[in-house]
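Subject: A structure for you to look at

Hello,

I am passing this structure on to you, along with some notes on its strands. Please open it first and keep it beside you while you read.

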Amino acid sequence: MIHTANRRKFLETIGIGSAGLLLPDFAFSQTSASLVNELKVPELLTGSSRNGRLHYALTAQTGVSNFLPGLSTPSIGINGRFLGPTLRFKNGDDVAMHVQNSLGEETTLHWHGLHVPAKADGGPALIIANGSSWNPEFKIMQPAGTFWYHSHRLNNTGQQVYRGLAGLIIIDDDESSQLGLPSDYGVDDIPLIVQDRRFNTDGSFRYVGMGMDTMTGLFGDTILVNGTVSPVFTPTTSKVRFRLLNGSNARTYNFAFDDGRKFQLIGGDGSLLQQAAELQSLELAPAERAEIVVDFSDGSPVNLVSLPMASNSEFAPQGMMRNMHPMNTEAFHILSLQPQSNLETSESLARNLASIRRMQESEASRSRQFTLSMPMGMGGGGRGGRGRGMMGGEFLINGKAMDINIIDEQISVGSTEIWEITNDSMMMHPFHIHHGQFQVLDRDGKPPKPQEMGFKDTVKVGPGQTVRFIMKFENFSDAETAYMYHCHILEHEDNGMMGQFVVV
Ligand code: C2O
Ligand code: CU
Ligand code: CU
């Protein structure tokens with residue numbers, strides 16, 4: 001049941017709506033009536049213990065998925081046909097990953113957000129040839145949070161992730177397990193890997209990755225949640241924790257509930273927050289995560305939706321890009337929630353979640369500047385080689401396109417730095433760094449909003465904006481193996497908006 005009046009009022013309050021913006025304007029054909037497939041929940045892998053280590057076996061493989069009625073879609077997955085299992089770790093665990101590549105092509109597997117040695121990070125240089133395996137070992141050295149893993153193959157990450165090479169990672173710690181948060185995986189602790197896809201009429205994925213698909217990044221017209229089209233989930237408890245991962249190549253979502261209900265944000269990319277923040281909507285760019293707790297105690301059905309980005313959003317495209325593509329201007333359904341009739345009562349939310357010490361600017365020994373740009377030479381991009389988008393545009397950081405043979409930055413192990421990211425283009429770029437987690441200092445001089453107060457590894461930098469973050473580079477040093485920093489719009493990354501650093 002849809003509460004139309006409530007929705008209208010909500011859309012108006014949130015500043016995107018006129019009375020005309022009702023259900024029929026939801027761009028996707030997924031009305032709540034057609035949200036009919038039970039939400040798939042990825043299998044949980046907790047590892048098998050041998051010689052003091054937890055071992056995880058992952059096989060990247062090809063398969064055929066059935067997303068659309070009557071059609072099959074060639075896809076890839078890990079231990080399955082599409083996406084991979086959720087890996088669960090605890091802070092302090094020693095883990096051994098066993099990654100077998102049976103894809104028929106090269107790949108790499110990157111643990112996004114994990115603080116691990118460069119050789120274990122799975123960046124583009126750590127190629128796993130077809131038919132071979134990669135067995136990195138590392139210790140979990142970070143607080144509870146929601147992370148993910150995905151292909152990081154050079155110039156080909158977008159396509160491999162699109163076809164399915166991604167999965168979720170959950171880290172717990174002693175503190176987080178004492179909080180009484182919903183944490184029964186698949187029952188009241190639910191991963192939501194949100195992705196948009198486009199299909200050919202024969203059911204195959206339509207990944208073009210040229211022209212507009214490169215410039216804006218690839219947008220799809222069908223939402224998959226954990227690989228489920230038109231998903232429905234049945235809460236059995238009065239509170240449910242959702243671990244939202246924007247696993248899309250390019251699309252930013254503006255998550256909200258269509259009856260306007262508020263929810264509690266308890267965690268960001270790389271940690272829980274100090275205290276929950278009550279929100280009515282939340283924008284997540286590609287690779288950003290959020291843990292939210294939603295109250296279903298009134299028993300009413302509701303839809304998780306994505307609202308259009310407000311036209312005055314600081315992350316909206318500017319100038320000529322404003323009209324080029326309907327980027328994030330659409331509203332659509334994500335997930336239908338239909339609580340069962342006798343809900344088990346959940347614990348109330350703890351007041352204090354994680355203890356996070358805010359890092360001080362004075363702790364930094366140096367700062368570095370990075371400028372993201374997309375010069376759009378329409379004349380065919382004369383320089384040749386990498387960094388050349390198909391419309392002749394280029395995707396650059398500090399005027400350079402990614403070169404696997406060049407280390408762009410050297411960082412001393414143990415040091416704390418401030419990175420200042422300036423966006424000199426007409427669209428938002430989610431900037432991501434490997435090696436660890438940072439704290440946002442400010443965006444155009446203004447302190448971060450509550451949703452950016454935890455540890456993060458990916459941050460939205462709107463057109464014309466400058467974001468500063470502070471980060472400690474520690475524990476691992478390796479002069480040979482680089483970590484990456486890049487835009488997490490995968491078509492931008494694949495076309496050059498990436499650089500490399502070593503920690504020595
Ligand atoms: Cu999510 Cu460099 O990766
Ligand atoms: Cu990463
Ligand atoms: Cu970008």
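Two strands count as paired if DSSP finds at least two bridges between them. Helices (H or I, at least four residues) and strands (E, at least two) are DSSP runs, numbered from the N terminus. By that rule, strand β6 (residues 86-90) and strand β12 (residues 166-172) run parallel and are joined by 4 bridges. Across this pair, R88 stands opposite I170 in β12.

Before the rest, some background. This is a predicted model, where local features need pLDDT of at least 70 and side-chain atom pairs count only at pLDDT 80 or more, while totals for chains, interfaces and linings use all residues. Residues are numbered from 1 along each chain as its sequence is written, chains are lettered from A and ligands numbered from 1 in the order in which they are written, and side-chain values use heavy atoms, with hydrogens and water left out.

β6 and β12 belong to an open sheet of 5 strands with mixed pairing, in the order β2-β6-β12-β11-β8. Its edges are β2 (44-45) and β8 (109-112); each has a single partner strand, so one side of each lacks a neighbour in the sheet.

Now have a look at strand β4 (residues 53-65). Strand β3 (residues 48-50) runs antiparallel to β4, with 3 bridges between them, and R50 has R53 as its bridge partner. The two form a hairpin with 2 residues between them, where N51 in the turn has a positive phi of about 50 degrees. β4 also pairs with strand β5 (residues 73-78), antiparallel over 6 bridges, and there Q61 stands opposite G77. With strand β7 (residues 94-102), β4 pairs in the parallel sense over 8 bridges; H55 has A96 in β7 as its bridge partner.

Enjoy exploring!
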